[in-house]
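Please keep the sequence and the structure in view while reading.

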Amino acid sequence: MRLLTAVLLFLLVACNSKSDKQASGTPLKRDATLVHQSVRRLNDIVIYEIFAPPVASRVYAYSTLALYEAGRWSDTSYHSLTSQLHGFPSMPTPEAGKTYDFQVAGARAFFSVVKKLTFTKDSTRVTEEAVLAKMKEGLQDEVYEASIAFGEKVADAIWQRAVKDNYKEVQGM
């Protein structure tokens, strides 16, 4: 429960309305509305799927941790949480020379993990597509593609830990 609280607290701090920059150097104004809507959608899914509290906590913790780890790069004062947690691999780092929209990367990481931890795949996919389409507006294609790829790398690293957390053994699977 402490992990979930810490992740959510850091998520709220990390998802403020700072601006990212595109390759052209022009500021891209972002607010956290789409990110908050995505987390609210996850809450709807958890309620719909009637997850028990420990299972729901696991879903929230991994998905929001992926969101944070991909999005934290927009402000260099934020540090990795996974480096302080047991059993997590090193998180990917953005490639030098590439420009990213870290909110796009965070959204991709978030939804990638959500789809692996929940059963409501179709509505999650529809929500992800709508959120990412809105975030893509005004972004250069290479920035968007680099951001998506970075988000996937972060999601994969989070998933590496999730599959080793003994969840299946505890649930008797």
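This is a predicted model: local features need pLDDT of at least 70, side-chain atom pairs count only at pLDDT 80 or more; totals for chains, interfaces and linings use all residues.

## A polar contact at D75

The side chains of D75 and S77 are joined by a polar contact of 2.8 Å. D75 belongs to the loop between α3 and α4. Its relative accessibility is 12%, and residues under 20% count as buried, so D75 is classed as buried.

R72 is also found in the loop between α3 and α4. With a relative accessibility of 8%, R72 counts as buried. When residues up to four places away in sequence are set aside, R72 touches Y78, H79 and S80. R72 and Q103 are separated by 31 residues in sequence, while their C-alpha atoms lie 8.8 Å apart in space.

## The chain as a whole

The protein chain contains seven helices and two strands. Along the sequence, these elements follow the pattern α-β-β-α-α-α-α-α-α. The chain has 173 residues, of which 47% are buried.

Contacts can also be sorted by the separation of their partners along the chain. Of the contacts between residues at least 6 apart in sequence, 75% join residues at least 24 apart.

## Helices α2 and α4

Two packed helices are described by the angle between their axes and the distance between the axes. For helix α2 (residues 33–48) and helix α4 (residues 102–117), the axes come within 11 Å and cross at roughly 5 degrees. Angles under 35 degrees count as roughly parallel, and α2 and α4 are therefore roughly parallel to each other.

Which residues make the contact? On the side of α2 they are V35, S38, V39, L42 and I45, and on the side of α4 they are Q103, F110, F111 and V114. Seven of the residues in this contact are nonpolar, two are polar and none is charged. Q103 of α4, which takes part in this contact, is also the residue whose C-alpha atom lies 8.8 Å from that of R72.

## Salt bridges

Side chains of opposite charge can pair when their charged atoms come close. How many salt bridges does the structure hold? There are eleven.

E95 takes part in a salt bridge with K98, where the closest N and O atoms are 3.5 Å apart. E95 also meets K153 in a salt bridge, with an N to O distance of 3.9 Å. This second pair links distant parts of the chain, as K153 lies in helix α6 (residues 141–162) and E95 in the loop between α3 (53–71) and α4, 58 residues apart. E95 has a relative accessible area of 39% and is partly exposed. K98 is partly exposed at 43% relative accessibility, and K153 is partly exposed with a relative accessible area of 43%.

A further salt bridge is formed by E128 and K115, whose closest N and O atoms are 2.6 Å apart. E128 lies in helix α5 (residues 121–136) and K115 in helix α4, so this pair ties together parts that are 13 residues apart in sequence. Salt bridges with shared partners join R108, K115, E128 and E152 into one network. Are E128 and K115 buried or partly exposed? E128 is buried, with a relative accessible area of 3%, whereas K115 is partly exposed, with a relative accessible area of 25%.

## A162 in helix α6

A162 is found in helix α6. A162 has a relative accessible area of 2% and is therefore buried. Apart from its neighbours within four places in sequence, A162 is in contact with R58 and Y62. A162 and G87 are 75 residues apart in sequence, and the distance between their C-alpha atoms is 9.5 Å.

## The backbone at I50

Most residues other than glycine have a negative phi. I50 is not a glycine, yet its phi is positive, at about 50 degrees. I50 is placed in the loop between α2 and α3. With a relative accessible area of 72%, I50 is exposed.

Conventions:
Residues are numbered from 1 along each chain as its sequence is written. Side-chain values use heavy atoms; hydrogens and water are left out. Axes are lines fitted to C-alpha atoms, for helices over the stretch in contact, and angles run from 0 to 180 degrees between N-to-C directions. Helices (H or I, at least four residues) and strands (E, at least two) are DSSP runs, numbered from the N terminus. Angles under 35 degrees count as roughly parallel, over 145 as roughly antiparallel, 65 to 115 as roughly perpendicular and the rest as oblique. Contact means heavy atoms within 4.5 Å. Ala, Val, Leu, Ile, Met, Phe, Trp, Tyr, Cys and Pro count as nonpolar, Asp, Glu, Lys and Arg as charged, and the others, Gly among them, as polar. A salt bridge is a side-chain nitrogen of Lys or Arg within 4 Å of a carboxyl oxygen of Asp or Glu. Buried means under 20% relative accessible area, exposed over 50%, partly exposed in between (1.4 Å probe, protein chains only). A polar contact is a pair of N or O atoms within 3.5 Å; within protein, one must be able to donate a hydrogen and the other to accept it, and residues adjacent in sequence count only if both atoms are side-chain atoms.
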